Structure formats: structure tokens, C-alpha cells
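Dear colleague,

I am handing over the structure below, together with a short account of what was found in it. Please look through it first and then read on.

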Amino acid sequence: MKHSSKDKSQNSSAKAVNSRTQGVGRLTIDAVLAITNIVESMHKRVSPLSSSTSKTEKEQLSGISGLVYRNIRNVTERLGKRIDAPLAAISKILASQPDSPSTQTLLAALNGVLGDYLVASDNPLAIQMHFRREGKILNDVKLRELIDQSNGKLLIMVHGLCMNDLQWCKEGHDHGVELAKESGMAYIYLHYNSGRHVSDNGQQFASLLESLINLSDKLLEINILGHSMGGLVSRSAFHIAQNSGHKWPKLLNKLVFLGTPHHGAVLEKAGNWVDLILGAHSYTVPFARLVKVRSAGITDLRYGNVQELDWHTTERFEFSGDKRLPLPLPDNVKCFAVATSAKKSINYPLGDGLVRIQSALGEHKDPAFDLHIPDNRKWVGSHINHNQLLSDPKVYQVLKTWFEIA
């Protein structure tokens, strides 16, 4: 009996839901085991009868406490092998609305916090990098059509940490859609796992762009608008592409940064201080492990890591200071930067709430790290927080002016 395309679509959707549900189950099991380890470690340290220096690990796991913790692990692992149904609220959302904006938002946030772990554990919840529009993957045929329709001019939107391509639309406004209407460019979005290292995403983005330019002879101009981490991923992609001899960097016309933490984000630096404080006392070491449940993408934001060399020689939770190598902006590319203050004063120390103004503008006291963006390609606004960069009318007018420049 032949199956209709609708049946095939439903089967494919059902498989995707089951895959995501199983992924949630595995993630839940891993989380329970990790928390069990932390609680047991805390129990050992607080107990006046225990001594980490005088007992071996085997001895510490003996007795009533050891029996309890072993049973928790055994039961958790046994249940984990049989979990096929949705678990907790996250599973229910994934099962009932697999393609809804709320599910997409949930997956994006989950990947932002634990994305590197999801990839390492081969979890189906890990987001795969694609070009998309309206939440749908763009195949080569559609991409070629968009390039041809726009006479070879593309605007690529790159989202930030814990976000997805759908979230460029805020309060009914989408910078990409409006800019495309004004300029005749075709707009597409990069959707990616923001919990991976910036340099890993940069490498994949560079390869996608190289494949893109081979789709049509009409592709003449690429423009990139990056929000927050998206700007770092774009810089990384250009750097990798140049070193790999890719062709697309010659087609890059404009690179625009919205609240990009070129020299780090305030909150991740604060998180690193928490690591240091909690790790300083034996009783609080287990809690420091909880603080370390944040992705490689997040820790890259501490100083604005763009290259693999910025992070691969150090342990990412180590309080070791800025170890980056200077990486100037690309030559022969028009680069622009928007920075804002969440308060009335542009001297507000937290900038837009996540990124300081100097960091967003690429300014640094060391000339080797200063990105030297011309003053007429910088803009600073007030009363605009990090997320409002995506919808604020004043920001859009600035972008519109910049994209009108030849």
C-alpha cells in the first residue's frame, strides 16, 4: 500500500518528536546523576566524620551514605534505559508543539546553556547549523532562488547566545525584513547551537558560506548583521575562511555588529568570579561545580574569544585573565558597531545590561586589541537594553542609513 506525502510527513514529525523526547530523557538522567554526585560530595565535606585526605574514595563510598547514593544512581540508570514517554514540562512542550515558536525558543535556550554537552553526548536535542527562513531550513534550490531574485545581494542575520533565527522578529519588527525591503537584498538567517565554542561555529559558518557562493553565478555581495555572540561567530568565520583560502571573503561587503562583546561580557566575567569565590573553600567546592554548568559558548564570552587559540591552551573555568591573541577586523570590509546603555546615561557601567559600551564598540586600551572602527561607523544609544537592540526604532534607522552607504 502506498503512503501519501502527508503520511510520510507525519511519520517524519513523529520520529523527530520521539528523538527529542529521548534526548530530554537522557539529559534528565545525566542531570540527576550529576546532582547526585554533587550532593554526595557536599555530604562528605560537611560531615565531621569524613576526611578527604585520610580516606580513599572506596572507603568514602562505604556505609549508609554510600549505599543511599549508589541506589540513587542504580535506579536512575535503570529507569533511563526504559524512558520513552515525555518527561516533565520540557518534554510535554516538545511532544505537543515540536515546531512552535515556544519550543524553538526552549531548544535555543537549552543549547545556549548546554549545547557543547549535547554535541559531545550525541544528544538529538543539539541544534544543527543551517540557513533558515520562517523557521524552515533553506535547501540549495531555495537559496539559489533567493540569490537570483535579489540580483546577487544577500543579508545574513546571525543571532546571539541562547537565541534562534525566529527571535529576530520583536514586537512585529524584523531588522532583516525591513532592510531587505529598502535595499532589495535577500535576507536569510543562520540558525546554530550557541553553546558550542565560537570558533567551532565560526568554522562551520565559513564552510556554509563557501558552499553558498557556489550555488549561483549571480552572488555578488554578502552582508552580515550579527547580534551579540553572532558578531563574534561572524568574525571567527571570516578569519578561518581567509586562512583556508575560501573565496567568499572577497564578496563580503558590510559587517555590522549589534551589542557584540568584542572584549567580553559583564555577566560571564561575574560568573568567573563566582567560580573563584566558591572554589576557595572546601565546603563550597561542590557548589562551584553547579556554577560550571554553562557551555563553552558562554565561557567564550568572558573575554570575547574568537579563535581556537584563545581558549584551547587553558581550562575554560580557570581564573587566568585574558589570554586572547589580537585579531583585527577584516581589511576591505566596511565594519559598523552599535552599542547601547540600558539607562539614560551612556556611562552606565553595565552598558546594555550584558555588554559594556566600550566592548561593543571594539575599543580597547591596548592598540593591538582595539578594532579601530571609524567613529562615523559607530553609534551609541541610551534606554536600550541588549534584547531591545533587535526592535528599537532608533537602532533600525541607524542600520538603514548604514546599508544605504555604497
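**What was found**

In the protein chain, 76% of the contacts with a separation of 6 or more are between residues 24 or more positions apart. Please keep in mind that this is a predicted model. The secondary structure of the protein chain comes to 14 helices and 10 strands, and of the 406 residues in the protein chain, 47% are buried.

Helix H8, which covers residues 198–213, packs with helix H9, residues 229–243, at an angle of about 60°, and their axes are 7 Å apart. Because the angle falls in that range, H8 counts as oblique to H9, and the crossing in which H8 passes H9 is right-handed. On the side of H8, the contact is made by Val198, Ser199, Asn201, Gly202, Gln203, Phe205 and Ala206, while H9 contributes Met229, Leu232, Val233, Ser234, Ser236, Ala237, Ile240 and Ala241. Sorted by class, this contact of H8 with H9 has nine nonpolar and six polar residues, and no charged residues.

With a disulfide taken as a pair of cysteine sulfur atoms within 2.5 Å, the count comes to zero disulfides. As for how accessible two of the residues are, Cys169 has a relative accessible area of 42% and is therefore partly exposed, whereas Cys335, at 5% relative accessibility, counts as buried.

With kind regards

Note on methods
Residues numbered from 1 in each chain as written. Predicted model: local features only at pLDDT ≥ 70, side-chain atom pairs only at ≥ 80, totals over all residues. Heavy atoms only, no water. Axes fitted to C-alpha atoms, helices over the stretch in contact; angles between N-to-C directions. Helix = DSSP H or I, 4+ residues; strand = E, 2+ residues; numbered from the N terminus. Parallel < 35°, antiparallel > 145°, perpendicular 65-115°, else oblique. Left-handed = near helix turned anticlockwise from the far one by under 90°. Contact = heavy atoms within 4.5 Å. Nonpolar A, V, L, I, M, F, W, Y, C, P; charged D, E, K, R; others polar. Buried < 20%, exposed > 50% of the residue type's maximum accessible area, 1.4 Å probe, protein only.
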